[in-house]
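Subject: Structure handover

Hi,

Here is the structure for your files. My notes follow below it.

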Amino acid sequence: MLQMRLACTAWRWHTGTQWIRHCPATGLSSCFRRTYVAYPAEGKRGELDISAIPPERIRNFSIIAHIDHGKSTLADRLLELTGVISKTGKNKQVLDKLKVERERGITVKAQSVSMFYEHKGQRYLMNLIDTPGHVDFSYEVSRSLAACQGTILLVDAAQGIQAQTVANFYLAFGEGLSVIPMLNKVDLPTAEPERAAKQIESAFEIEADRILKISAKTGLGVEQVLPAVIEQTPPPSGSEDKPFKALLFDTWYDTYVGVVCLMAVKDGSIRRGDKIVSSHSGTKYEVMEVGVMHPEQTPTTQLRVGQVGYIVCNMKSIAEAHVGDTFYRDKFPVEALPGFVPAKSMVFAGVFPIDAGEFDRLNESIQKLTLNDSSVSVHKETSAALGQGWRLGFLGTLHMDVFRQRLEEEYDTNILITSPTVPYQIKYRDGTFKFIRTPADFPDANVMNDYVESTMEPFVTSTLIFPEKYLGSMLELCTAHRGELQNHTFIDESRVMLKCRLPMAEIVTDFFDKLKSKSQGFASFDYEEAGYDASDLVKMEVLLNGEAVDALAAVMHKSSVVVAGREIASRLKDVIRRQLFDIIIQTTANGKIVARETVKQLRKNVTAKCYGGDITRKMKLLNKQKEGKKRLKRIGKVDLPHEAFLTIVKRAE
Amino acid sequence: MAAARVPLSLYVHWPYCSFLCKFCAFSKARVPSQGVDHERITNALLKELRTCLAPHKDKELRSIYFGGGTPSLSLPRNIERIISEANKLVPLAPGAEVTLESNPTLAEVTKMRDFKLAGVNRYSIGIQTLNDDSLRKMGRLHTGAEGLAAVDRAKALFPGRVTFDMIFGFESQTLRQWQEELKTALDHADRHLSIYQLTVEPGTPLFRDQRAQRVVLPSDDVQARMYEMTVDMCLARGFRHYEVSSYASHPSAESMHNKGYWRGQQWVGIGPSAHSRFTDPTNRQRISSVRIPDTQRWAQQCERAGHGTGKEFVVSDAEAKQEAVVFGLRMLEGISDEGFMGVSGGQSLTGYLCMARVQHYIDEGHLSWHAPTACLAPTERGLQVIDTILLEIIP
């Protein structure tokens, strides 16, 4: 199974009976933020008193798992077990509304939730803090994990460890969390719990006898889960006597009250009316309401040290709420918690309306979609070929695809999204740097010669896990993508874990698809950023009948030029339909022509027979073709299909 | 003097064939093993004719066309009943064209004289190709020589009123072969020819063969060359190209019935799967209708309800304008502003079309504008790629 997966779930309490994961229609942002019902179910309006529970009886934990390994199902069971939701048998993690969710099997963002649990005669407050599962959001994951002291490492007993499991384990490990290993789906006929346990043992140095064996679906062994969490997770540290200090680890936008922040209180306490300050921006906010998610927003009198809850504080824009930010009480500044980094775009793509008249409407949409997701960066861009549009920056390819699908669903065929690129960097001789968001930013030959010291590209460290028999083809794949192999280890008798350093540019397009096809779906993949390295970059331009088309230009590594230049020319030849004149396609780099192709003039296009009965058919066809023509973008005299703008950077097997 | 009557055409669909050609996408069926129930089909056609022609009694019939299927498999006396019944409902105009399609197989050739006596005055023969191998491969049960013999016999009976169909672009056909074949065809031609490029229509056996790569047809460029050669050779022999696939050696030999379709005139079609386009005299709405395609179901409904109409639509002004341009520009005579305004409710061609694109194609030599008659027409070069041009000039 391929691992470009995000496992975050939006849950909402639905009229008090059903626990549904939900992705609201308000915008993409909802994919990463949750929504909830503004008015809690009857009987839950009153304030909940949680002050009787001391920090020693609080456990903040998360579940980390590979996609489909059963995280959401386990969460459902725990909620039923603690009476947070009723046991109706309907509590299934369903309703993945976004097309991208359905297609990729991802679910988007889970709700954090507070549960009460009796253990050895004591009442415990158990805060389950969910995390996005995908690497695009590894920063968000690390901040969510920073709100926990322990995590359940959930592994499918049939599938064993996958790349995402490894990535998440190391994130948790890096945060110093207690890891509570569990094997799920042990009742499946294909389950191999012994083998999976062995993998966990060898990959993470966790003793096999510590591993719980459960089936979240049937409930088998689920009663051992919370006791294990209580026993193995330390309570949150911190002091009630110190000034208030809290970590913001998640936010979402609510139309009625503005931004809602989820915070973990590290020291002190907070209540309505208090004034708090963001360490990052210095902005002061007045607290309007505090509470816990139980499972919807339930107000409490205060939030105390060790607790995890929500704060509504008159924050108007999601852009003010930075995941990882530290908040303190006004006039009592504290040292900010480590690890805060503002959102950083790793993948860029151009978005253009096919019809320039659609610009304003599209502008509105993009604004709406980014209202809830401050991690999308937006810059206006003007292309000679495509007119006015935007350059959007995303955390990663999945983030981009989710956004792209939202836009396409709304705009159907009327928008054009260019191939993704990565933020290259130019280092000038005077020591300054410049980011290359779009090929148009790339210095021309003169500037290159006179001012540029080096060109640099971003790299990632990737983890691939797959059955041994694919070792050859996986090594080949990485090498073909300019990968630098670091090591490979056997995590059991037949599965290999491969570590490889790859240029980011190599994985933003079809790397995943190739990985999947070359391993017949058995390889999983995950990656983390690994900084910039000097790299010989060039800009490849595409000329159509002698004229450069800026929207088809691409920045690439020098070694790719010949192959890519031929590829691009031949792919363009395949996608450009014959027109009433010859179309000459040339790719050039460094002032030299790399490849040339010709789309020959169309000599004949006329329906031979057209009598009475053919008229209706002919008119239907004509209107269908006219519809199709709307998808074309005319550059000079040449009509380019949508696919033409996606041919760049893609490469053949 | 009475006002000129509005012209109307009649299309009569005969649903049976003695063999099924691999490329044919028309509605048809092989003759049933128990034989055709001629009486039942004819009675159903007559019933439908009465129901559907009656509202048009103030118009006049300019043409009748017996198509199919293979209408030459019907009985001449039944053809006669249909013609005379039609004439009773809507008068046949003087010089009205009455065409019957025929196969060149022997049995039908012998019926030719009887069809003439029944009132048919134009004979259209499906030769398709003179190459016996191609004929066999396409599932046709006659030879090239039989085809030519049928043409010669028809010419004797219908002098100046014979046409036949030829198709180019068969599997493995070369330019040279087509040139030879066309030369022979022109040697035998009367005053009209229909010459088509083989079109692979979805749903035909040929379509499936091509998709499965059992059949490889000449490349687009070779087919284009065949088309160009056809135009040139016909012209050299005095046959003027007047529509994409139609050639005539004299304007009077051009198919009146087919030009009716291309000029957007009204017609009523009867028989299974037949289409109609007419203006409803009661409310002036433009109607498009299609009869039930299945012969049995069509006949049952005719018997029960007096007509076998399956679907009926109102044609919007926008659709009518599109159609007028699409079909008008299939003819080298083009479309006149006057003709267009007849369907557009007064909007002129120049007001309707994307004139910047029209001008572009005029500059490129694909279209021409004849100012005195206010007529937009394709050039030979333009006609060859008219489907591409239409996409650009129609708003």
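What pLDDT does chain B average? Chain B averages 94, and 99% of its residues score at least 70; pLDDT is the predictor's confidence in each residue, from 0 to 100. The model scores ipTM 0.88 and pTM 0.66.

Two notes on conventions. This is a predicted model, where local features need pLDDT of at least 70, side-chain atom pairs count only at pLDDT 80 or more, and totals for chains, interfaces and linings use all residues. Residues are numbered from 1 along each chain as its sequence is written, with chains lettered from A and ligands numbered from 1 in the order in which they are written.

The interface: 32 residues of chain B are in contact with 21 residues of chain A (C-beta atoms, placed from the backbone, within 7 Å). Elements of chain B that each supply at least two residues to that side include β8 (192–197), α9 (220–236) and α12 (317–328). Helices (H or I, at least four residues) and strands (E, at least two) are DSSP runs, numbered from the N terminus.

Chain B has 17 helices and 17 strands.

Chain A holds an open sheet of eight strands, in the order β13-β12-β18-β9-β10-β17-β14-β15, with antiparallel pairing (at least two DSSP bridges between two strands). β13 (284–286) and β15 (297–299) of chain A stand at the edges with a single partner strand each, so one side of each lacks a neighbour in the sheet. β14 (residues 289–293) of chain A pairs with β15(A) over three bridges, in the antiparallel sense. Val292(A) has Thr298(A) in β15(A) as its bridge partner.

Best wishes

Methods
Two residues are in contact if their C-beta atoms, placed from the backbone, lie within 7 Å.
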